[in-house]
Amino acid sequence: MTRRGPRPVNLRLRRLLVMLPWLQERGTVSTAEMAEHFGMSVDDLMADLTLASLCGVSQDPRDLIDLWVDEEAVHFGIPKYFNRPLRLTAPEAFSLVASARAAGNLTGSEVGGALNRAVAKVAAAMGIDDVDGLVVELETPDQVNDFVRAAEESREVVIVHWSPASGESVERRIAPVEVFTESDHWYVRALDLGVNAERIFRLDRIESHSVGEARERVDLGPRRPWFDDSSETTKVTIEMDPAWMWVLEQYPGVMIDGDAKAKRKNWVRVSMPVTSERWLQRVLLRLGGNARVVSPAAWVGLATDTARLVRARYETK
Amino acid sequence: MHQLERVTNLLTLLLSARRHVTFDEIRNELRGQYPDNLVAARAAFERDKSLLRDEGIPIDSVVLGGDQAGMTGYRILRSEYELGDIDLDPDEAAALRVAVSTIRMGQSWGVEALWKVDLESMSDRGEGVSPVIAANLPVDPRLPFLHRSLATRCVVSFEYNGKSREVQPYGLLARDGWWYLVGHERNIDDLRTFRVDRISGEVEVGAGGAYDIPADFDVTAVFPADPKLLPDNVDVGADVAEVLVDASDVGVVLNLYGPEAVLSERGDGSMVFAIPCSNVRAFDQWLLGFVERAEVLAPPLLREHVIDWLDSMEARA
């Protein structure tokens with residue numbers, strides 16, 4: 001059995017300072033409802049509120065925060081101290097403005113106006129008269145809407161997907177569950193109905209698609225981190241010039257091993273999950289002579305072989 | 001006594017104080033809550049104060065006169081502490097909730113901000129439905145402070161590429177999975193763009209209202225969307241390359257550049273495209289992603305540059 005450590009005091013205080021005015025607004029709330037709203041367990045909620053009910057400028061009961069908790073509900077009495085929430089912190093204000101700016105790219109004009117009004121009100125409350133200096137660009141390809149609608153309506157979609165590994169385009173039947181963007185690419189997460197397994201497809205590699213009939217809803221659970229399934233990846237270790245680390249910034253799961261010493265002076269040892277030989281070829285070409293594979297042994301010569309393969313194209317002209 | 005209880009009591013005391021109160025007065029009011037030993041009590045008080053300030057609570061401190069001359073007094077002004085009434089309409093609150101649940105930054109800042117600005121409604125978290133569209137935005141702990149500095153016109157100082165910079169922030173832009181700060185760098189008296197994750201260490205923030213942003217400034221127009229259009233220090237004698245792409249891979253290039261980029265089509269289905277190459281390094285990274293299925297035809301200097309790159313990989317073997 002794993003045992004959870006104590007919750008940090010700062011987080012408990014932060015939560016209390018927003019819960020108390022929220023509770024004051026309502027008077028009486030069920031503990032289950034309140035715990036759910038604030039994303040905590042009923043036990044943690046009861047512990048924090050019970051402690052808050054013992055706080056005030058003195059231990060005179062008339063000075064204590066006026067709330068009490070019974071088995072089912074929390075009750076708030078006379079407001080004394082925390083009538084309004086603490087002003088937004090810099091991270092909170094940034095997060096709201098950035099989320100609204102980003103979502104404005106995605107959600108269409110029907111909520112765009114409301115979002116803009118909401119951000120203007122938040123900014124005014126913060127004493128900020130300009131939020132236009134923060135811009136989030138999320139280019140949304142045309143296909144995004146089709147896949148979002150297919151996911152919302154549980155429709156299957158037939159796609160023609162181009163694989164960079166094989167260079168071939170293959171037709172697949174999928175049931176989309178989520179469309180998301182990360183690091184400059186859009187992806188659709190779906191159940192691949194041909195193999196009955198979860199797959200993620202990069203949208204710019206889907207050459208064509210057609211939305212079909214509605215089917216039963218697919219639940220794939222939350223998205224897992226990239227390369228979470230180690231059975232589908234190979235751990236590759238390379239040594240490289242740290243000045244070229246920027247090439248690897250776009251790839252998830254890259255780790256610098258600070259303890260391991262590279263053979264070449266001033267180089268570093270880096271490990272990364274690799275999904276296919278073709279994928280590693282692309283990375284090695286981009287790194288050029290600034291990196292070498294250390295393991296696995298089968299790929300130690302891959303950079304040279306790949307350089308020769310590409311170089312051969314330039315021989316005949 | 002638990003620190004949360006003591007710090008909550010301290011907060012209620014400072015919020016209720018009608019004048020600045022000294023450490024001795026605080027210790028007297030919160031009798032028995034700080035250690036008897038003066039040094040230990042002072043250390044505990046400093047920890048509490050620091051915790052409150054880290055949570056964004058504005059503790060005002062002044063050096064007192066009169067019979068308390070030289071002592072420091074503390075209080076929290078309610079007007080500085082409390083978030084003003086934002087008064088979101090239901091559609092505005094709903095739009096913000098959608099934005100926060102759609103845009104993921106790997107932090108709880110957005111949800112915590114929503115709890116504060118939208119006291120009236122219950123959140124949607126209990127309904128158990130995740131939005132089918134999501135965007136992951138990268139986040140950097142310095143972004144909120146750069147954002148606040150931008151909004152309140154504070155000059156910021158930081159280290160970048162080994163040099164100290166003093167910058168008047170003009171805009172923050174999220175593009176292609178990275179955040180950029182664009183601003184007027186004071187010592188070179190010119191506009192500069194900084195990738196936020198490459199700023200070293202902390203950002204120091206100066207006083208507010210220190211500068212104006214030119215009325216015609218547009219952060220999105222400062223640098224081109226396609227990195228291959230950014231000039232760099234490799235001159236290949238042309239800004240556009242002719243690239244032959246095999247039939248297997250033309251679809252992905254057509255998706256990206258459209259049919260207007262096609263210069264010619266060959267009998268085997270391969271195509272010659274016109275691709276920007278002002279930034280040769282960015283061009284290399286794009287081209288080499290095709291491994292052996294694409295080839296630079298012109299300009300000759302760029303073709304030679306690619307051949308040199310491949311030869312250097314073989315030479316390092």
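Is A:Asn196 buried or exposed, and how many C-beta neighbours does A:Asn196 have inside 10 Å? A:Asn196 counts as exposed because it has 7 such neighbours; exposed means 12 or fewer other C-beta atoms within 10 Å of a residue's own, buried means 20 or more, partly exposed is in between, and the C-beta atoms are placed from the backbone.

Before I go on, this is a predicted model, where local features need pLDDT of at least 70, side-chain atom pairs count only at pLDDT 80 or more, and totals for chains, interfaces and linings use all residues. Residues are numbered from 1 along each chain as its sequence is written, and chains are lettered from A and ligands numbered from 1 in the order in which they are written.

Back to the loops. A:Asn196 has a positive phi of about 55° without being a glycine, and sits between strands E7 (185-192) and E8 (197-202) of chain A. Helices (H or I, at least four residues) and strands (E, at least two) are DSSP runs, numbered from the N terminus. In chain B, B:Arg153 is also not a glycine and has a positive phi of about 60°. Its loop joins helix H7 (143-152) to strand E6 (156-160). B:Arg153 counts as partly exposed because it has 19 C-beta neighbours inside 10 Å.

Next, the cis peptide bonds. One runs from A:Ser295 to A:Pro296, with omega near 0°, and A:Pro296 lies in the loop between strand E13 (291-295) and helix H8 (302-313) of chain A. Another joins B:Ala298 and B:Pro299, with omega about 0°; B:Pro299 is in the loop between strand E14 (294-298) and helix H10 (300-316) of chain B.

Now the cores. A nonpolar core is a set of buried Ala, Val, Leu, Ile, Met, Phe, Trp, Tyr and Cys residues joined through C-beta atoms within 7 Å. The largest has 113 residues, and those with the most contacts inside it are A:Ala100, A:Leu115, A:Ala118, B:Leu96, B:Ala99 and B:Leu137. Helix H4 (residues 90-106) of chain A gives this core its largest share, nine residues. Leaving out residues up to four places away in sequence, A:Leu115 touches A:Ala100, A:Ala103, A:Gly104, B:Ala95, B:Leu96 and B:Ala99, where contact means C-beta atoms, placed from the backbone, within 7 Å. A second, separate core of 37 residues includes A:Ala303, A:Ala307, B:Phe273 and B:Met313.

Last, the domains. Chain A is divided into domain 1 (9-76), domain 2 (90-126), domain 3 (143-214) and domain 4 (230-313), with bounds from an automatic or database domain assignment. The C-alpha centres of domains 2 and 4 of chain A lie 41 Å apart.

Key
Contact = placed C-beta atoms within 7 Å.
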